[in-house]
Amino acid sequence: MNTLSLLADTDALYCIDDRQLTIPEPFRLGCGESLKSVRVAMRMCGRPSAPVVIVLGGISANRVPVISTLTEGQGWWQAVLGHQGVDILSHYQVLSIDWLGGSGDTSGPPQWQVQGMESPSIDTSDQAVLLAEVLDQLQVKRVEAILGASYGGMVAMHFARLYPSRLRRLLVLGCAHRPEPMAVARRYVQKQILKLAENGADKDAVAVARALAITTYRSAAEFRSRFSGPQGRQALESYLEHQSRKFAKRFDRESTLTLVDSIDKHWISPADIKTPLWLLGIDTDELCPPPLIREFAAMVSSTCKLAEIHSLYGHDAFLCEVEQISALIIQFLEGAEA
């Protein structure tokens, strides 16, 4: 394999397959309910016939991590996986989906409300089963790797547990086999904020809940470095207002509740993961602190490589630390032994 750090031929043409797939009925959830008329929005891009790598991000991520149209703006992981980072499309086809229960084009509360349905309970294993259904329809029997960050890493773990023969290796960033109790406590407050708006003011509630979430994604050290000056409070409030309102334009109250609750229900036995595994911890991550990642690594059955990076950015380091994260992914994809 040529080194993934080299820039791609700028004249290279990448195939983009962007569509909605209809999932065979019924689609059974882990909570016991079954869904009808489930549609999943997916995007496959890269060189045709190249090995497939699945890329999954946080609850606000969508099916556009690395290649996007002019109207979509930059993909959510394009800095890491694009020409300035891994340049993954020169070597692989990249598959991503919109989350079930979210506000994207996969079935979720906006569609269920039209059908007169209440939002069901969605867990991370449901997303893994949905992903397998997508692979079936694309006639992809086995994927080279899954790169799963945050919520996407939780889904990736369940995929490895449920479909070990369909996955060669797994890279998980910023998540573990169970939630951190303090993180659950903070998400409880977010959910209560959202529930207060049951009869109105949905966007305001989503924005406030997201502002609280942002304080858990970033580190205290980063906020101290950015917002400690004379105008620090005003700058901080403006930052939170901007970021939270941007999120609220995309997410409604029910979708936010569904996916936040899905994080809290995540639980997996590390011993059930037989796929070769790389884990990445972040020293300032409050949502998934390094001791929890180490606990996970000590309990897995497969070969496991554990890396830990230093970052000012807390949990969001997987988005912000472009050089460190790109270097790790390059090593992983080039086949360094776990």
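Select Leu257 and its contacts (heavy atoms within 4.5 Å): leaving out residues up to four places away in sequence, Leu257 touches Lys191, Leu194 and Lys195. Leu257 is part of helix α9, residues 253-265; helices (H or I, at least four residues) and strands (E, at least two) are DSSP runs numbered from the N terminus. Leu257 counts as buried because its relative accessibility is 11%, where buried means under 20% relative accessible area, exposed over 50% and partly exposed in between, with a 1.4 Å probe and protein chains only.

This is a predicted model, in which local features need pLDDT of at least 70 and side-chain atom pairs pLDDT 80 or more, while totals for chains, interfaces and linings use all residues. Residues are numbered from 1 along each chain as its sequence is written, and side-chain values use heavy atoms, without hydrogens and water.

Now show the strands. The order β1-β4-β6-β5-β7-β8-β9-β10 makes an open sheet of 8 strands with mixed pairing; two strands pair if DSSP finds at least two bridges between them. At the edges, β1 (15-22) and β10 (304-309) each pair on one side only.

Zoom to β8 (167-173) and β9 (277-282), parallel strands joined by 4 bridges. Leu170 has Leu277 in β9 as its bridge partner.

Finally, select helix α12 (322-333), which packs on the sheet and touches β5 (52-56), β7 (143-149), β8, β9 and β10. Helix α10 (290-299) lies across β9 and β10.

Note on methods
Axes are lines fitted to C-alpha atoms, for helices over the stretch in contact, and angles run from 0 to 180 degrees between N-to-C directions.
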